[in-house]
Amino acid sequence: MKHYVSNRKETPRMFENGLLEFFSRTHWSVPLWLFVPIILALGWLGVMQGIRTVWSFSLLLVAGLFVWTFTEYALHRFVFHYEPRSAWGRRVHWMFHGVHHDYPSDPLRLVMVPGVSVPLGTLFFLLFLAVLDVPAVYPFAAGFFIGYLFYDTTHYAVHHFPIKGRVFGRLRELHMRHHFQQPDRGFGVSSPLWDLVFGTTLAQQNKSTQIES
């Protein structure tokens, strides 16, 4: 059973307004151009404002990365796969994630648009700032945003490159099965960790089943 409209590399029109349509499309490299400087700046601020040991910096960085893995899972499962009842809600949901399941090979709607990623990233940083002291918040947030970049670039890669190998090949297999076989399971894109924790791993694949890609 297909869970998509088209698997061709096409970009369906989302808005009648040309400006809105332009900003609804994003090249895969845009998050890197935006967030790599932010990550470097956060790391520099952490060091300049008091984090002097590699151990402390690394621990905070890894903690932020770990929090991202849960955030990725929670957003994908409970926000991106939420099913609204109203027509307006279904339209908004389709714009945020439904379009990706309908057109999984669309190369321009695979990473977050800056109009979403930047405000959302700002909100997360303010949340971290409310919980963590300065300068600990800086490497923690840097780790979180590294996780986000890994997620976005991995998501693009598994859709557009025939990547293989024990790690990335497995991630690609799991994500393709999420799209084409079991969209209600396998919510981790860059890591299957939280699917294991919450029991949403993909069911065992029948040997006769072929994964579409």
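In what order do the elements of the protein chain run from the N terminus on? They run α-α-α-α-α-α-α-α, and the chain has eight helices and zero strands, where helices (H or I, at least four residues) and strands (E, at least two) are DSSP runs numbered from the N terminus. This is a predicted model, in which local features need pLDDT of at least 70 and side-chain atom pairs count only at pLDDT 80 or more, while totals for chains, interfaces and linings use all residues. Residues are numbered from 1 along each chain as its sequence is written, and side-chain values use heavy atoms, with hydrogens and water left out.

**The chain as a whole**

- Along the principal axes, the C-alpha atoms of the protein chain fill a box of roughly 55 × 45 × 35 Å.
- Of the 213 residues, 42% count as buried, a word that stands for under 20% relative accessible area, with exposed meaning over 50% and partly exposed in between (1.4 Å probe, protein chains only).
- Among the contacts in the protein chain with a separation of 6 or more, 71% come from residues 24 or more positions apart, contact meaning heavy atoms within 4.5 Å.

**R109 and its polar contacts**

- R109 has its place in the loop between α4 (87–102) and α5 (114–131), and this arginine is buried, with a relative accessible area of 9%.
- The side chain of R109 is joined to that of E21 by a polar contact of 3.0 Å and to that of S24 by a polar contact of 2.8 Å.
- A polar contact is a pair of N or O atoms within 3.5 Å; within protein, one must be able to donate a hydrogen and the other to accept it, and residues adjacent in sequence count only if both atoms are side-chain atoms.
- Not counting residues up to four places away in sequence, R109 touches T11, P12, M14, E21, S24, R25, V99 and H100.

**T26, in another loop**

- T26 is placed in the loop between α1 (18–23) and α2 (30–48), and at 2% relative accessibility it counts as buried.
- Although T26 and M112 are 86 residues apart along the chain, their C-alpha atoms are separated by 7.3 Å.
- M112 is also one of the residues in contact with T26 when neighbours within four places in sequence are left aside, and the others are P107, L108, V111, V113 and P114.

- P135 lies in the loop between α5 and α6, and a cis peptide bond, with omega of about 10°, joins V134 and P135.
- G143 belongs to helix α6 (residues 137–160) and is buried, with a relative accessible area of 1%.
- Not counting residues up to four places away in sequence, G143 touches L61, G64 and L65.

**F198 in helix α8**

- F198 is found in helix α8 (residues 193–198) and is partly exposed, with a relative accessible area of 42%.
- Leaving out residues up to four places away in sequence, F198 touches F70, Y73 and R77.
- From C-alpha to C-alpha, F198 and F23 are 35 Å apart in space, and they are 175 residues apart in sequence.
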